[in-house]
Amino acid sequence: MINDKGEILTFTITQASDDDRTPLKQKRCLDKIFGKLFADKDYIGKDLVKMLFIDRIQLITNMKNNMKNPLMTLSYKILLRKKSVIETVNDALKNICQVEHSRHRSFGNFLSNMVSGLIAYSFLPKKPQIKFPTQNTNQICLF
């Protein structure tokens, strides 16, 4: 998981055969995460949305074709189109920080390579980020 500035908040290493949603169901992955979580359509599930909502996380996704379209603000729609930033972060981790390497002879070597790649990414001067300008005014909003 990353924030809008491209900084890594948390990560989980799973096997290739695991479902992408399994780390979200573990409490240790979401201990210090709160706010809004933007995800693909595949993450939709009533149980998952309810569990995340209890943990102070609002799951925002596009709707599948057979679902009702909920009311969504324009800023959420814009941010849903920016999900490609996570793929850019994955690409930077693999190609610049050389995290992807499949020929480790021991688990210790794998972990040291992974941690050193994550540390190298945190020191990159330009991380992929979402530039979402907000305008602060002194106007009073009435609903």
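User: At what angle do helix α3 and helix α4 pack?

Analyst: In this predicted model, helix α3 spans residues 84–95 and helix α4 spans residues 107–122. Their axes lie 9 Å apart. The angle at which the two helices pack is about 120 degrees.

User: How is that orientation classed, and what is the handedness of the crossing of α3 and α4?

Analyst: Angles of 65 to 115 degrees count as roughly perpendicular, and those over 145 as roughly antiparallel. The angle here is about 120 degrees. The helices α3 and α4 are therefore oblique to each other, and their crossing is right-handed.

User: Which residues make the contact, and how many of them are nonpolar, polar and charged?

Analyst: From α3 come Val89, Ala92 and Leu93, and from α4 come Gly117, Leu118 and Tyr121. Gly counts as polar and Tyr as nonpolar in this classing. By class the contact has 5 nonpolar, 1 polar and no charged residues.

User: In what order do the elements of the chain run?

Analyst: The chain has 4 helices and 2 strands. Read from the N terminus on, their order is β-α-β-α-α-α.

User: What percentage of the residues in the chain is buried?

Analyst: A residue counts as buried when its relative accessible area is under 20%. The chain exposes about 11,600 Å², with carbon and sulfur atoms supplying 53% of that area. Of the 143 residues in the chain, the buried share is 25%.

Methods
Residues are numbered from 1 along each chain as its sequence is written. This is a predicted model: local features need pLDDT of at least 70, side-chain atom pairs count only at pLDDT 80 or more; totals for chains, interfaces and linings use all residues. Side-chain values use heavy atoms; hydrogens and water are left out. Axes are lines fitted to C-alpha atoms, for helices over the stretch in contact, and angles run from 0 to 180 degrees between N-to-C directions. Angles under 35 degrees count as roughly parallel, over 145 as roughly antiparallel, 65 to 115 as roughly perpendicular and the rest as oblique. A crossing is left-handed if the near helix is turned anticlockwise from the far one by less than a right angle, and right-handed if clockwise. Contact means heavy atoms within 4.5 Å. Buried means under 20% relative accessible area, exposed over 50%, partly exposed in between (1.4 Å probe, protein chains only). Accessible areas come from the Shrake-Rupley method with a 1.4 Å probe; for residues, only the protein chains shown count as cover.
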